[in-house]
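The following paragraphs lead through one protein structure, from its overall surface to individual residues. Please keep the sequence and the model in view while reading.

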Amino acid sequence: MTVYDFYIFGRNCECLYYKEWVRQKQAGISRDEEVKLMYGMIYSLKSLLSRLSTTSAKDSFTRYSTSTYSLHFFETPTGLKFVLNTDKDSQGVREALSYIYSKIYVEYVVRNPLCKPGEAINSELFSSQLDNYIQTLPFK
């Protein structure tokens, strides 16, 4: 199984981090436009699900799949949004996103005095730990 790319979005719609592992096809648009489209799609899906749901829709959107890939979504209590795109057959990705948040993001970004909340993540240590973790996953 394959991991394509990973996004972290802040509370104010900004992309704080982007990492790409496998890119089979270029989007034909700039990275900024691609990030805006990704955030807009997530926002729209969450909004649609909250309106259609008959119960609390807090965790109703965690994944969607197409014929070629799956998008996995994890939102923290503070409003950070973690998005991981994988091939369509990947399983157990929600737990992986939870681990990335609690063990890698918190440890190497939140507890890093050089990383300011709401700003782009430029920590080499965070990137290397994320790479190491993604390489250990069975769906890479």
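**Surface, fold and selected loop residues**

The protein has an accessible surface of about 8,200 Å², and carbon and sulfur atoms contribute 51% of that area; accessible areas come from the Shrake-Rupley method with a 1.4 Å probe, and for residues only the protein chains shown count as cover. The model is a predicted one, in which local features need pLDDT of at least 70 and side-chain atom pairs count only at pLDDT 80 or more, whereas totals for chains, interfaces and linings use all residues. Residues are numbered from 1 along each chain as its sequence is written, and side-chain values use heavy atoms, with hydrogens and water left out.

Three helices and five strands make up the secondary structure of the protein; helices (H or I, at least four residues) and strands (E, at least two) are DSSP runs, numbered from the N terminus. Their order from the N terminus is β-β-α-β-β-β-α-α. The protein is as compact as a globular protein of its length, because its radius of gyration of 15 Å is close to the 14 Å that the globule rule gives for 140 residues. Here the radius of gyration is taken over C-alpha atoms, and the globule rule is 2.2 Å times the number of residues to the power 0.38. Along the principal axes, the C-alpha atoms fill a box of roughly 40 × 30 × 30 Å.

Of the 140 residues, 40% count as buried, where buried means under 20% relative accessible area, exposed over 50%, and partly exposed in between (1.4 Å probe, protein chains only). Among contacts with a separation of 6 or more, 50% link residues 24 or more positions apart; a contact means heavy atoms within 4.5 Å.

C13 lies in the loop between β1 (3-9) and β2 (15-20). Its phi is near 75 degrees, a positive value in a residue other than glycine, and C13 is partly exposed at 45% relative accessibility.

S90 is located in the loop between β5 (81-86) and α2 (93-110). With 0% relative accessibility, S90 counts as buried. Its side chain forms a polar contact of 2.6 Å with that of D87 and another of 3.3 Å with that of T86. A polar contact is a pair of N or O atoms within 3.5 Å; within protein, one must be able to donate a hydrogen and the other to accept it, and residues adjacent in sequence count only if both atoms are side-chain atoms.
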